[in-house]
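This report describes selected structural elements and contacts of the chain shown below. Please keep the sequence and the structure in view while reading.

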Amino acid sequence: MRKTFIAGNWKMNMLPAEASAFIEELAGKLGNYSDARVMVAPPFTSIPSAADVIKGTGILLGAQNMSDEEAGAHTGEVSPLMLKDLGVDVVILGHSERRMIYGENDAFINRKVKLALKHGFEVILCVGETLEERESGKVEAVVEEQLTGGLNEISEESLASITIAYEPVWAIGTGKTATPEDADNVHAFIRKIIDKLYSSSAAEEIVIQYGGSVKPENSAELMAKENIDGALVGGASLKVDSFFGIINYAKA
Ligand code: PEP
């Protein structure tokens, strides 16, 4: 049985005091709610203040990125050891903004996935096509390549620590959402690839989030789809009310 997983990616927003206030307010609203797993990923500089208040709330602490190295001469990078020390539970890897703006490719992302698993993190591995790729009929080819590359040499056992986030690039921060049917079709295709790379039980068990302009108004419809197990949320995770509205979709 797959458990719904709603994750907020705050990107380059939220000062330390804003992050801790957000988490305290969200935790108050969630109470002992346990229908879904909930995560927030503050920017690195706000992780310590988030970590101070997140303990005991049941909310998972995420990081938006991680170095592919543990230590040394890597100016500007943040090591898995540093994230571990701060109490981070989950790292988001392969986000389209990392791929497109900072040139991260599948081999590089795969190194990070392996290192994150080695240090006991859960991973959210993001995949998704650009508008150009969608319009030229390449959705499946792109998603298959990103999955195969990102999961290279990852064992089936380790897959239990990996969530896939399908995030069509054209739907991120644009207000355009894939229709629930379109998203569900790609999610079903992702399960097919996991089946091919691993097994039918791995395909059945893997949690697949949808990401791209998810908001309280469209989350119930998306989450009702058979293959959509949660959401990776950018813009709408910056306000407690809208993020809570997405988490609480079932009761909306
Ligand atoms: C994201 O960046 O992961 C994302 C899905 O952003 P938004 O919800 O703002 O489209």
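## Strand 5 and its neighbours

In this predicted model, Ile 124 stands opposite Thr 163, a residue of strand 6. Strand 6 covers residues 162-166, runs parallel to strand 5, and is joined to strand 5 by five bridges. Strand 4, residues 90-93, also runs parallel to strand 5, and four bridges join the two. Within this second pairing, Leu 93 has Leu 125 of strand 5 as its bridge partner.

Strand 5 spans residues 122-127 and is mostly covered, with six of its six residues buried. In a regular strand, side chains alternate between the two faces of the sheet. Glu 122, Ile 124 and Cys 126 point one way, while Val 123, Leu 125 and Val 127 point the other way. The residues of both sets are buried.

By class, the lining of the largest cavity has two nonpolar, five polar and two charged residues.

## Salt bridges

The structure holds 17 salt bridges. Arg 99 counts as buried because its relative accessible area is 15%, under the 20% limit. Asp 106 is likewise at 15% relative accessibility and therefore counts as buried.

Lys 118 and Glu 70 form another salt bridge, with their closest N and O atoms 2.6 Å apart. This pair links distant parts of the chain, 48 residues apart: Lys 118 lies in helix 5 (residues 106-118), and Glu 70 in the loop between strand 3 (60-63) and helix 3 (80-86). Lys 118 is exposed, with a relative accessible area of 59%, whereas Glu 70 counts as partly exposed at 27%. A further salt bridge joins Lys 114 to Glu 153, the closest N and O atoms being 2.7 Å apart. Here too distant parts of the chain are linked, since Lys 114 belongs to helix 5 and Glu 153 to the loop between helix 7 (139-150) and strand 6, 39 residues apart. Lys 114 counts as partly exposed at 29% relative accessibility, and Glu 153 as exposed at 66%. Arg 2, Arg 191, Glu 204 and Asp 229 are linked in a network of salt bridges.

## Helix 11

Helix 11 comprises residues 240-247 and is mostly covered, seven of its eight residues being buried. The buried residues are Val 240, Ser 242, Phe 243, Phe 244, Gly 245, Ile 246 and Ile 247.

Which elements do the buried residues of helix 11 pack against? They pack against strand 1 (4-9), strand 2 (36-41) and strand 8 (230-233), and also against helix 1 (16-30) and helix 10 (216-223).

Technical notes
Residues are numbered from 1 along each chain as its sequence is written. This is a predicted model: local features need pLDDT of at least 70, side-chain atom pairs count only at pLDDT 80 or more; totals for chains, interfaces and linings use all residues. Side-chain values use heavy atoms; hydrogens and water are left out. Buried means under 20% relative accessible area, exposed over 50%, partly exposed in between (1.4 Å probe, protein chains only). Two strands pair if DSSP finds at least two bridges between them. Contact means heavy atoms within 4.5 Å. Ala, Val, Leu, Ile, Met, Phe, Trp, Tyr, Cys and Pro count as nonpolar, Asp, Glu, Lys and Arg as charged, and the others, Gly among them, as polar. A salt bridge is a side-chain nitrogen of Lys or Arg within 4 Å of a carboxyl oxygen of Asp or Glu.
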